[in-house]
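Q: Please take a close look at one part of this model, the strand pairing and the turns that go with it. Then set it beside the helix packing and the remaining loop.

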Amino acid sequence: MTYADMFSKVKGMLIEADVSDIHEHLAYQFNITGEAEGIFYAEVKDGQLFVEPYEYFDRDAMFTCSAETLFKIADGKTDPILAVTLGKLKVEGNIDKALKLKDLINSKKKEAGKKKKK
């Protein structure tokens, strides 16, 4: 898998998140290691989510992991806290804001559930 393929897939997964209830600014940088190595960021600002293939210097938290680990976390198949415990995910920065990544991922699942019910 190339970086472009990985980024496209992750952006597609994350962009489904319903961030309208998140009223604070969150900025995360993701450093992908191994296959599909590269950097991108996700930012929640004014109730909107932006995912872009750039480094984010004024980030709240930085996550380092493989693309495989990131996909499992984004799919809700792996808990981010468990991934840190197992050494599959490294987190630097504001831990309180880093923990909100789980809320962002869970909002995606809720939104997907709403779509299925309609």
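A: S2 and S3 pair in the antiparallel sense, over five bridges. This is a predicted model, and what follows is computed from its atoms. Across the pair, glutamate 43 stands opposite phenylalanine 50 in S3. The hairpin that S2 and S3 form has two residues between the strands. Aspartate 46 is found in that loop, between S2 and strand S3 (48–52), and takes a positive phi near 55°. Most residues other than glycine have a negative phi. Aspartate 46 has a positive value although it is not glycine. With a relative accessible area of 72%, aspartate 46 is exposed, because the cut-off for that class is over 50%.

On its other pairing, S2 meets S1, again in the antiparallel sense, and here the count is seven bridges. Tyrosine 28 stands opposite alanine 42 in S2. The hairpin of S1 and S2 has four residues between the strands, and in it glycine 34 takes a positive phi near 75°. Alanine 36 is found in the loop between strand S1 (26–33) and strand S2 (38–45). Phi of alanine 36 is near 70°, a positive value in a residue other than glycine. Alanine 36 has 9% relative accessibility and therefore counts as buried, since buried means under 20%.

As for S2 itself, the strand is mostly covered, with six of its eight residues buried.

Aspartate 60 has a relative accessible area of 16% and is buried. Neighbours within four places in sequence left aside, the contacts of aspartate 60 include His25, Leu26 and Ala27. Glu92, Gly93, Asn94 and Lys97 are also in contact with aspartate 60.

The helices come next. Helix H2 (residues 67–74) packs with helix H1 (residues 3–14) at an angle of about 15°, and the axes are 10 Å apart. H1 and H2 are therefore roughly parallel to each other, because angles under 35 degrees fall in that class. The crossing in which H1 passes H2 is left-handed. On the H1 side the contact is made by Met6, Lys9, Val10 and Met13; on the H2 side it is made by Ala67, Leu70, Phe71 and Ala74. By class, this contact has seven nonpolar residues, no polar ones and one charged residue. An α-helix has 3.6 residues a turn, so residues three or four places apart point the same way.

H2 is largely enclosed by the rest of the structure, because six of its eight residues are buried. The buried residues are Ala67, Thr69, Leu70, Phe71, Ile73 and Ala74. Among them, Ala67, Leu70, Phe71 and Ala74 also take part in the contact with H1. Just after H2, glycine 76 takes a positive phi of about 80°.

Conventions:
Residues numbered from 1 in each chain as written. Predicted model: local features only at pLDDT ≥ 70, side-chain atom pairs only at ≥ 80, totals over all residues. Heavy atoms only, no water. Buried < 20%, exposed > 50% of the residue type's maximum accessible area, 1.4 Å probe, protein only. Axes fitted to C-alpha atoms, helices over the stretch in contact; angles between N-to-C directions. Parallel < 35°, antiparallel > 145°, perpendicular 65-115°, else oblique. Left-handed = near helix turned anticlockwise from the far one by under 90°. Contact = heavy atoms within 4.5 Å. Nonpolar A, V, L, I, M, F, W, Y, C, P; charged D, E, K, R; others polar. Pairing = 2+ DSSP bridges.
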